[in-house]
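Student: I have a structure open and would like to go through it. Could we begin with its interior?
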Amino acid sequence: DANSVLWKRYLRFCQLAKDSSLLTCPQCEGLNSPPPPPSLDPCSVNTAQETKEQSNKREESNQMHLPRNIITCTHCQHLFCQYHGNAHSTDTPCQAYVDSVQMSQSEQ
């Protein structure tokens with residue numbers, strides 16, 4: 001029924017409007033919360049002496065290499081990358097995927 005489809009789309013829109021951090025599963029289109037950010041071990045990082053650039057590099061490294069980028073959909077149990085969806089396998093690190101895309105773009 002068309003009204004049912006429209007109503008479901010409206011409810012989804014409302015959920016995304018309330019929480020823009022929700023991630024869409026590329027398989028079932030279910031909405032999922034992102035994983036919590038990693039906790040910082042105060043012994044491993046001297047935040048008082050860390051520059052903004054060092055902080056950004058550390059965060060970028062965390063985002064590109066840690067397996068926490070992989071999400072398990074709470075609706076269908078599908079595994080996908082929170083940044084790239086199904087663009088690369090869950091066994092491939094994000095940085096390897098990004099590097100391969102950049103290499104293929106530079107060859108064109």
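Student: Which residues make up the largest nonpolar core?

Tutor: In this predicted model, the largest nonpolar core consists of five residues, namely Leu23, Cys25, Ile71, Cys73 and Phe80.

Student: What is leucine 23 in contact with, leaving aside its neighbours within four places in sequence?

Tutor: With those neighbours left aside, leucine 23 is in contact with Gly30, Leu31, Asn32, Pro34, Ile71, Phe80 and Gln82.

Student: Now the cysteines. How many disulfides does a search of the whole structure find?

Tutor: The search finds zero disulfides. Cysteine 25 is in none, and the nearest cysteine sulfur, belonging to cysteine 76, is 3.7 Å away.

Student: Is cysteine 25 buried or exposed?

Tutor: Cysteine 25 counts as buried, because its relative accessibility is 1%.

Student: Changing topic: where does alanine 87 lie?

Tutor: Alanine 87 is in the loop that runs between strand S4 (79-81) and helix H3 (94-107).

Student: What is its relative accessible area?

Tutor: The value for alanine 87 is 43%, so this residue is classed as partly exposed.

Student: How many residues separate alanine 87 and tyrosine 97 in sequence, and what is the distance in space?

Tutor: Alanine 87 and tyrosine 97 are ten residues apart in sequence, with 8.1 Å between their C-alpha atoms.

Note on methods: Residues are numbered from 1 along each chain as its sequence is written. This is a predicted model: local features need pLDDT of at least 70, side-chain atom pairs count only at pLDDT 80 or more; totals for chains, interfaces and linings use all residues. Side-chain values use heavy atoms; hydrogens and water are left out. A disulfide is a pair of cysteine sulfur atoms within 2.5 Å. Buried means under 20% relative accessible area, exposed over 50%, partly exposed in between (1.4 Å probe, protein chains only). A nonpolar core is a set of buried Ala, Val, Leu, Ile, Met, Phe, Trp, Tyr and Cys residues joined through side-chain atoms within 4.5 Å. Contact means heavy atoms within 4.5 Å. Helices (H or I, at least four residues) and strands (E, at least two) are DSSP runs, numbered from the N terminus.
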